[in-house]
Amino acid sequence: MTHPSTQADVVIVGAGQAGGEVASALRQQGFTGSVVLLGDEPYVPYRRPPLSKAFLSGEATLESLFIKAQTVYEKLNIECRFGVGVESLDRAARRLRLYDGTTLDYGKLVLATGGRPRKLSLPGADHPNVHYVRTIADILKLKEQFGAGKKLVIVGGGYIGLEAASVGIKKGLEVTVVEALPRVLARVTAPEISAFYERVHKSRGVKLYTGVGVHSLEGDPLVTGVTLADNTLVPADIVIVGIGLIPNVELADMAGIEVSNGGIVVDRYAQTSDPDIYAAGDCTFHENVFFDRRMRLESVPNAMEQGRIVAAAIVGKPVAYSAVPWFWSDQYELKLQMVGLSQGYDQLVVRGSLDSESFSAFYLKDGVVISADAINRPQEFMVAKKLVADRIKVDAAQLADESVVLKSLLAA
Ligand SMILES: Cc1cc2nc3c(=O)[nH]c(=O)nc-3n(C[C@H](O)[C@H](O)[C@H](O)COP(=O)(O)OP(=O)(O)OC[C@H]3O[C@@H](n4cnc5c(N)ncnc54)[C@H](O)[C@@H]3O)c2cc1C
């Protein structure tokens with residue numbers, strides 16, 4: 001066995017979607033120096049979206065999650081070190097200290113440390129039947145308990161909670177979702193779309209509580225029930241908590257790298273406040289030229305694109321980050337694809353019927369399409385991406401009229 005390197009031209013911390021993409025993009029873009037890809041999970045970079053979808057339901061295998069086999073990275077001459085975390089960063093010495101006691105020196109450093117689930121801060125939140133949905137390890141543990149007939153209580157009506165609910169129903173569990181805000185998906189979508197998803201989940205058998213938080217978890221050593229703020233007791237065999245993500249910024253923060261709005265601050269070229277250190281993915285508060293502002297995003301397309309932006313900067317051919325965000329969610333037979341940022345919209349135009357399970361909703365601001373949600377309409381989604389990217393001003397009546405070919409509005 002060859003010994004792990006003690007120094008490398010580029011060290012990537014975090015072997016997730018973004019870290020893996022930085023490594024392979026560096027080679028694609030012609031980088032010939034030494035590269036170490038290092039992560040604390042014991043796996044080659046993998047896709048997280050199936051964790052709350054096909055991997056939880058058992059339709060996808062563990063192997064199918066891996067983005068590339070380890071041999072592919074090795075053929076690219078990327079040194080892989082998985083199952084070991086970075087404890088601290090000494091910028092003056094350009095040195096990382098690892099939890100296994102070793103050190104690793106870098107020329108350029110990439111932080112792609114993602115995030116961790118926000119925990120429920122209540123007694124009982126660490127009982128063995130309370131679960132989070134972020135890693136393969138989380139799902140392997142959850143799957144041991146995820147059986148037909150079990151009472152599953154999901155805290156949080158965001159994407160992850162609702163996707164888990166849909167898998168729970170599919171697998172024959174009795175599912176309850178508790179959302180503290182007045183509606184599900186409140187932070188990401190219009191009230192009309194939230195209402196649509198609430199109807200869908202209820203029609204499939206989910207019991208839904210909105211506008212009420214969790215007061216306490218009952219039972220010891222296992223949670224047997226969840227008491228809501230209005231004193232309703234919901235019996236539980238399993239609890240899933242999906243209440244958001246905390247970006248892993250501590251390594252950067254402790255080393256004095258600028259952190260703001262919960263993320264590692266990077267410029268349009270993915271560079272941090274230290275010119276030798278870049279960051280990509282969920283952990284960043286990044287500048288997007290398209291919107292002319294900084295933002296934090298949690299999505300695969302963002303992690304991948306930022307990974308490529310980092311590689312471009314390191315090889316000396318910097319490209320400014322200007323991608324329009326997009327995302328998807330699978331629940332039951334519904335594929336939701338969304339593009340853009342809907343904040344600040346002043347009109348919602350629906351193409352198709354909200355009472356059906358196939359329609360698109362367009363968010364307009366001063367007549368310009370700034371965002372869209374397409375439900376089971378992949379072709380319209382492709383056009384919606386262009387409408388948003390090109391900031392097309394549309395006629396709302398035409399947009400809503402299904403006899404008007406959507407593509408024809410691109411020329412408007
Ligand atoms: C259940 C689930 C479903 C999702 N569904 C979708 C979806 O449908 N569509 C979509 O676009 N996005 C989805 N996402 C979001 C998407 O997966 C993330 O945005 C993406 O994984 C972010 O990639 P990343 O590389 O920034 O972070 P991660 O993939 O989280 O990778 C970061 C890695 O760094 C490691 N790390 C952290 N600190 C250290 C350290 N100090 N030393 C070593 N290693 C460290 C972490 O353990 C982790 O392995 C989903 C996420 C989850 C959890």
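Buried means under 20% relative accessible area, exposed over 50%, and partly exposed in between, with a 1.4 Å probe and protein chains only as cover. By these limits Trp326 is partly exposed, because its relative accessibility is 28%. The structure is a predicted model, in which local features need pLDDT of at least 70 and side-chain atom pairs count only at pLDDT 80 or more, while totals for chains, interfaces and linings use all residues. Residues are numbered from 1 along each chain as its sequence is written, and side-chain values use heavy atoms, with hydrogens and water left out.

**View 1. Aromatic pair of Tyr159 and Phe327.** Rings of Phe, Tyr and Trp (its six-membered ring) pair if their centres lie within 6.5 Å; planes under 30 degrees apart count as stacked, over 60 as edge-to-face and the rest as tilted. The count by this rule is 10 aromatic pairs. The ring centres of Tyr159 and Phe327 are 4.9 Å apart and the planes stand at 40 degrees, so this pair is tilted. Tyr159 belongs to helix 5 (residues 159-170) and Phe327 to strand 22 (residues 326-331), 168 residues apart in the chain. Helices (H or I, at least four residues) and strands (E, at least two) are DSSP runs, numbered from the N terminus. Tyr159 is buried at 13% relative accessible area, whereas Phe327 is partly exposed at 24%.

View 2. Trp326 and Phe381 make a tilted aromatic pair, 6.2 Å centre to centre with 55 degrees between the planes. Tyr159, Trp326, Phe327, Trp328 and Phe381 form one aromatic cluster. The charged end of Lys385 sits over the ring of Trp326, 4.1 Å from the ring centre. For this description, NZ of Lys or CZ of Arg must be within 6 Å of the ring centre and within 35 degrees of the ring normal.

View 3. A side-chain N or O atom of Asp40 is 2.5 Å from an oxygen atom of the ligand. A polar side-chain atom of Arg134 lies 2.7 Å from a ligand oxygen atom.

Terms used: A polar contact is a pair of N or O atoms within 3.5 Å; within protein, one must be able to donate a hydrogen and the other to accept it, and residues adjacent in sequence count only if both atoms are side-chain atoms.
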